[in-house]
Amino acid sequence: MKARAGVVGPRDMVKTICEIAEEYEEQLTTVPFEYMHAEEATEIVRKNQQDVDFWIFAGPALHAFVSKSGSRQPFFYLKLDGSSLQKTLLEIGYKDHLSLSRMSIDLLKERDVYETYRELDIPYSDIYFHELEYDTPLDKLLTFHQELYTSGKVDVCVTGLHFVYEQLKLQGIPVYKVTPTRVNIRETLLSAIEKWTTHQFRKSQIAVLLIEVDKIKQRTNSSATISYDAHRINLELQTAVLDYAESISGSFVNLGLGSFIIFSTRGFSKDTGQHVQYLLESMALVTDLPANIGVGYGDTALKAEENARVALHHAQNFEPFCAFLVDDRDNITGPLKQEENISFSYRTEDREISDRLKESGVTITTFNKILAVQKRTSNHSVTTNLLADWLKMTPRNARRILTGLVEQGLAQVIGEEAPSSKGRPRKIYRVMVDTNSDNNK
């Protein structure tokens, strides 16, 4: 399937981009959107996002306007760099025979301008800059050029903005527009096609949801009635799960009392956590028995189901009515749809770390969970109470784990914090993965 790219910019740039995009017609279809003023980009994106897969914008200055659209689609911006400036300087100096050493330039980075002038061996002591700032009003950029020209400090203005170019031109001020090179346009188009293709592939990956409701068989008091009551609950749960499976176009299988599996694709939801939380809430209306969900992604059904089982295991060990996710790269995220969650891996390819963890009695999964918790803190450190809260264990067990990591050089005590009540100060730890660091020895 071809990607649909919305191309946004002034008429000349849109025409050039669409012309170059024809080189990739087997992979890409362009939808042109021309404007007279950059501020129009906000409404263009807002009103037409359903008609395109991603957007190509004529320059980086459009970022401020596009961000107001609220669209979550991929955005790609053409760049202005030294090569773009060289093309403009050739036009100014060799075609129109104007001075290149007294000039005002906007949007380009000062470094790119200096390097270009040095390479061309042109004096740049009287070159004035206004680098790209996403919150700079366009009128301010216009004033920047006007004041420098009217005060006699520059002879020529160079801008990357169509609006500024047109206004200065109307006022009779010598002005040139710097535009992205054709090479840059090709690179941006290829990057957009590649990222969109990768995204589509990942969306088409298989997604497996394993749903488990615990203790259904223990719900009733009499063995004579267990079958009827358990099956009644199971039928109500099955209805909730079936409705959910239909909403994401997935296939549903009942694996037994309180156990279900759904097969779908990774693109079934832009917000997996929100959708899974909805299912958990629907099941909670049926029964107050603990329910958990494991979501797994994979290139094959076997891999996706394997990941879903790992995710379900973590969810069950965390707390009732929560869900975890394991993606195709073995990263674990959860609990889903919680204001705060952690993301970690259950594998490591570092043999030395693996050996040290075995000596300390800490599993690789637990170690990676600790690293994920530590990453969330402002000073990248952990305490026994923090770990106990996040990993659902006792402070004593958390202390044992951290002590073992310190003994193996995988953590160090970096300070102490005063206790909230009477007692000894609590140690603050920093867990490390660089086994070659002197601090770890």
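Q: Where is Phe321 found?
A: Look in the loop between α11 (301–318) and β13 (322–326), which holds Phe321. Helices (H or I, at least four residues) and strands (E, at least two) are DSSP runs, numbered from the N terminus. Before we go on, please note that this model is predicted: local features need pLDDT of at least 70, side-chain atom pairs count only at pLDDT 80 or more, and totals for chains, interfaces and linings use all residues. Residues are numbered from 1 along each chain as its sequence is written, and side-chain values use heavy atoms, with hydrogens and water left out.

Q: What is the phi of Phe321?
A: Start with the general rule: most residues other than glycine have a negative phi, and most peptide bonds are trans. Phe321 has a positive phi of about 55°, although it is not a glycine. Its relative accessibility is 25%, so Phe321 counts as partly exposed. The cut-offs are under 20% relative accessible area for buried and over 50% for exposed, with partly exposed in between (1.4 Å probe, protein chains only).

Q: Which loop holds His97, and is His97 buried or exposed?
A: His97 belongs to the loop between α4 and β5. With a relative accessible area of 64%, His97 is exposed. Its phi is positive, about 55°, although His97 is not a glycine.

Q: Which residues does the cis peptide bond join?
A: The bond links Gly334 and Pro335, with omega at about -5°. You can find Pro335 in the loop between β14 (331–334) and β15 (342–345).

Q: How do I read a sheet, and what is the order of the strands in the one that holds β1?
A: Read across the strands, from partner to partner; two strands pair if DSSP finds at least two bridges between them. Here the order is β2-β1-β3-β4, an open sheet of 4 strands with parallel pairing. β2 (28–34) and β4 (75–77) are at the edges and have a single partner strand each, so one side of each has no neighbour in the sheet. From one strand to the next, the twist averages 25°. Such angles run from 0 to 180 degrees between N-to-C directions, with axes fitted to C-alpha atoms, for helices over the stretch in contact.

Q: Which helices pack on this sheet?
A: Helix α1 (residues 11–21) touches β1 (3–9), β2 and β3, and its direction makes about 175° with that of β2. Helix α2 (residues 41–48) touches β1, β2, β3 and β4, at about 160° to the direction of β3. Contact here means heavy atoms within 4.5 Å.

Q: What is the strand order in the sheet that holds β5?
A: This open sheet has 4 strands in the order β6-β5-β7-β8, with parallel pairing. Its edges are β6 (126–131) and β8; each has a single partner strand, so one side of each is left without a neighbour in the sheet. Neighbouring strands are turned by 15° against each other on average, direction ignored.

Q: Which residues of α7 are buried?
A: In α7 (residues 162–170), the buried ones are His162, Phe163, Val164, Tyr165 and Leu168. They pack against β5 (102–107), α6 (138–150), β7 (156–159) and β8 (175–177). After the helix comes Gly172, with a positive phi near 75°.

Q: Which residues are closest to the centre of the largest cavity?
A: A cavity is a set of points on a 1 Å grid over the protein atoms alone where a 1.4 Å probe fits but cannot get out. The structure has 1 cavity of 30 Å³ or more, and about 190 Å³ of space lies in the largest; a volume is the space filled by probe spheres set on the points, which are joined across faces, edges and corners. Among its 19 lining residues (those with an atom within 4 Å of a point), Tyr35, Ala58, Gly160, Leu161 and His162 are the closest to the centre.

Key
1 Å grid on protein atoms, 1.4 Å probe; cavity = no way out; pocket = protein on both sides within 12 Å on 5 of 7 lines; lining within 4 Å.
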